[in-house]
Amino acid sequence: MIKAVFFDVDGTLLPIGSGKIPQSAQTSLKKLKENGTKIFLSTGRHANEIHQMSLDDLSFDGYISLNGQLCLDENFEVVFGNPIGPKGTEELLNIFREKSVSIVLTREKDQCINFVSDLAAEVMANIAVEIPEASDVDDSPIYQATTFYRNDSNCWFNCQCPTGCKITRWCDGAVDILSEKGGKVIGIKEYIKRLGITKDEIMAFGDAENDVEMLEYAAIGVAMGNGKEAAKTAADYVTASVEEDGIEKALKYYDLI
């Protein structure tokens, strides 16, 4: 029996380029809650970006933010944190200050960007979030970095990764950099431990490369029809696209609503 469902945001709950969850998905999530199923966001977004989303009156039981690096309860209070290690942080700060590539550094309370490239502006517009303020950084722990380049570009990050980190791509123009021990599954494990359930009682929805581990880990992994091939291969079931009521159709297919 599925007792908790984890939803990616961009390309899964939100169509790319939209700031609003489709009505069919909103109704479906409300039905899940009414049936006693816990619902969680599982996203690379920061809490500030989640607040910018148009969630209407949807109420989630928790938020896996920053790809599992920072987990929040229903009141957005931190329940788990996994910052990037000292060496990786030092390397990211050097890249940030060299300004060879546009990069966002994310801390517990805020984000900052070194400069806004054309690609960074394009990607941020596509997910309907405000671009962080361009500024220098202090010595606060860094939980995640986001940088903007395409797979075919001659970017530093295509050749190497900061020490103790891993890179996960979430769209054609951007990747997230997080602790090598991080990932959405780390956040999921924290929540199922708190709920007293097992991975055999969870379901996950995703569409991108940074969702692959989550889709493989869950008892039922669902990839969106608009998703990347890696997500579809990792999933147990491929539903329709987010714009074509994919969330609703998959939940009905598995008799959860």
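User: What makes strand 8 and strand 10 a pair, and in which sense do they run?
Analyst: Strands are DSSP runs of E with at least two residues, helices are runs of H or I with at least four, and both are numbered from the N terminus. Two strands pair if DSSP finds at least two bridges between them. Strand 8 (residues 144-147) and strand 10 (residues 174-179) have three bridges, in the antiparallel sense. A145 has I177 in strand 10 as its bridge partner. This is a predicted model, where local features need pLDDT of at least 70, side-chain atom pairs count only at pLDDT 80 or more, and totals for chains, interfaces and linings use all residues. Residues are numbered from 1 along each chain as its sequence is written, and side-chain values use heavy atoms, without hydrogens and water.

User: Why do strand 7 and strand 9 stand at the edges?
Analyst: The open sheet has five strands in the order 7-6-8-10-9, with antiparallel pairing. Strand 7 (111-113) and strand 9 (165-171) each have a single partner strand, so one side of each is left without a neighbour in the sheet.

User: How do you know that the span of helix 3 agrees with its number of residues?
Analyst: The expected span is 1.5 Å times one less than the number of residues. For the 13 residues of helix 3 (residues 86-98) that gives 18 Å, and the end C-alpha atoms are 18 Å apart, so the two agree.

User: Which residues of helix 3 are called buried?
Analyst: Buried means under 20% relative accessible area, exposed over 50%, and partly exposed in between, with a 1.4 Å probe and protein chains only. G88, T89, E91, L92, L93, I95 and F96 are buried.
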